[in-house]
Amino acid sequence: MVTNVPVITIDGPSGVGKGTLCKELSKELKWNILDSGAIYRVLAFLAIRDQININSKDSLIQLVSHLVNLHFIFENNKMKIILKKTDISMDIRNQKISDVASRIALLPCLRKAILNFQRSFRLLPGLIAEGRDMGTIIFPDALVKIFLDANTKTRTKRRMLQLQKNGVNVNFDQLLLQIQERDKRDYHRVVSPLIIADDVFIINSTHMSKQKVMEAALHYTYLKLTRA
């Protein structure tokens, strides 16, 4: 692992706004981005497309070889995910993909298989990594660790608005149940559960605007950078 490149980790549960904060920090600092959840979404997308049994560990591990064709492109304040020259950014954002991604993320062998791929994003001038185990497992030596949280109903409303913006209509109660189930899997999985690191800055965004969340994160980040 390259340890001389600064890293900011943003961990937290589903629908809390990690991606938005990650993009805004990247825009401000001009650092690279790692959307770890997108990696699992791509693998879920490939599994569904190729009709692979998600209970077959060997078959899922074979899909990891496709990650060399994966590119994250940040432009116009938007993240594009390119797989073999094809933009699949929208294809991996539906609820079915999200559910499958959550399930395969439980597999220790799969998490181990993509570990080095995730760490390969650690390049100068710095990296902003978002996920669920970025500050605890992937980059435990990160200079800045942020845990972004919000209550379940608030996260459901935000995810619903996000999906509607992308042209996907969902039922609030059904989405709430899906997010609660996702939380249960994330917090209680055996390997790399969603936990709050000891050296983390917690932001509860339940009653905060995106601007206030950004201001809090930037203030803490600059404080840590000046002390480094």
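Visitor: Which residues of H1 meet H10 in this model?
Guide: This is a predicted model. In H1, the residues are Thr 20, Leu 21, Glu 24, Leu 25, Glu 28 and Leu 29. They meet Lys 210, Val 213, Met 214, Ala 217, Leu 218, Thr 221 and Tyr 222 in H10.

Visitor: What classes of residue make up the contact of H1 with H10?
Guide: Eight are nonpolar, two are polar and three are charged.

Visitor: At what angle do H1 and H10 pack?
Guide: About 55°. H1 covers residues 18-29 and H10 covers residues 210-227. Their axes are 10 Å apart. That angle makes H1 oblique to H10.

Visitor: Is the crossing left-handed or right-handed?
Guide: The crossing of H1 and H10 is right-handed.

Visitor: Which residues of H10 are buried?
Guide: Val 213, Met 214, Ala 217, Leu 218, Tyr 220 and Thr 221.

Visitor: What span should H10 have, and why?
Guide: H10 has 18 residues, so at 1.5 Å a residue it should span 26 Å. Its end C-alpha atoms are 26 Å apart, which agrees.

Visitor: New topic. How do H2 and H4 pack?
Guide: H2 is residues 36-49 and H4 is residues 95-104. They pack at an angle of about 105°, with axes 8 Å apart. That makes H2 roughly perpendicular to H4.

Visitor: Which residues make the contact?
Guide: From H2 come Tyr 40, Arg 41, Leu 43, Ala 44, Phe 45 and Ile 48. From H4 come Lys 96, Ile 97, Ser 98, Val 100, Ala 101 and Ile 104. By class, the contact of H2 with H4 has nine nonpolar, one polar and two charged residues.

Visitor: Take Ser 98. Buried or exposed?
Guide: Ser 98 has a relative accessible area of 4%. Buried means under 20%, so Ser 98 is buried.

Visitor: What is Ser 98 in contact with?
Guide: Leaving aside neighbours within four places in sequence, Ser 98 is in contact with Arg 41, Arg 159 and Arg 182.

Visitor: Where does Arg 159 sit?
Guide: Arg 159 is one of the buried residues of H8. The buried residues of H8 pack against H2, H4 and helix H9 (172-188).

Visitor: What comes after H8?
Guide: H8 is followed by Gly 167, whose phi is positive, near 85°.

Visitor: Back to H2. What is Ala 47 in contact with?
Guide: Ala 47 lies in helix H2. Apart from neighbours within four places in sequence, Ala 47 is in contact with Ile 52, Ile 54, Leu 60 and Leu 63. At 2% relative accessibility, Ala 47 counts as buried.

Visitor: How many Å are there between Ala 47 and Leu 218?
Guide: They are 38 Å apart in space, C-alpha to C-alpha. In sequence they are 171 residues apart.

Visitor: Now the loops. Which peptide bond is cis?
Guide: The one from Leu 124 to Pro 125 is cis, with omega near 10°. Pro 125 is in the loop between helix H6 (115-119) and strand S6 (127-131).

Visitor: What about Lys 84: buried or exposed?
Guide: Lys 84 is exposed, with a relative accessible area of 54%. Lys 84 lies in the loop between strand S4 (78-83) and strand S5 (86-87). Its phi is positive, about 50°, although Lys 84 is not a glycine.

Visitor: And Lys 85, what is its phi?
Guide: Lys 85 has a positive phi of about 70°. Lys 85 is in the loop between S4 and S5. At 83% relative accessibility, Lys 85 counts as exposed.

Conventions
Residues numbered from 1 in each chain as written. Predicted model: local features only at pLDDT ≥ 70, side-chain atom pairs only at ≥ 80, totals over all residues. Heavy atoms only, no water. Axes fitted to C-alpha atoms, helices over the stretch in contact; angles between N-to-C directions. Helix = DSSP H or I, 4+ residues; strand = E, 2+ residues; numbered from the N terminus. Parallel < 35°, antiparallel > 145°, perpendicular 65-115°, else oblique. Left-handed = near helix turned anticlockwise from the far one by under 90°. Contact = heavy atoms within 4.5 Å. Nonpolar A, V, L, I, M, F, W, Y, C, P; charged D, E, K, R; others polar. Expected span 1.5 Å × (residues − 1). Buried < 20%, exposed > 50% of the residue type's maximum accessible area, 1.4 Å probe, protein only.
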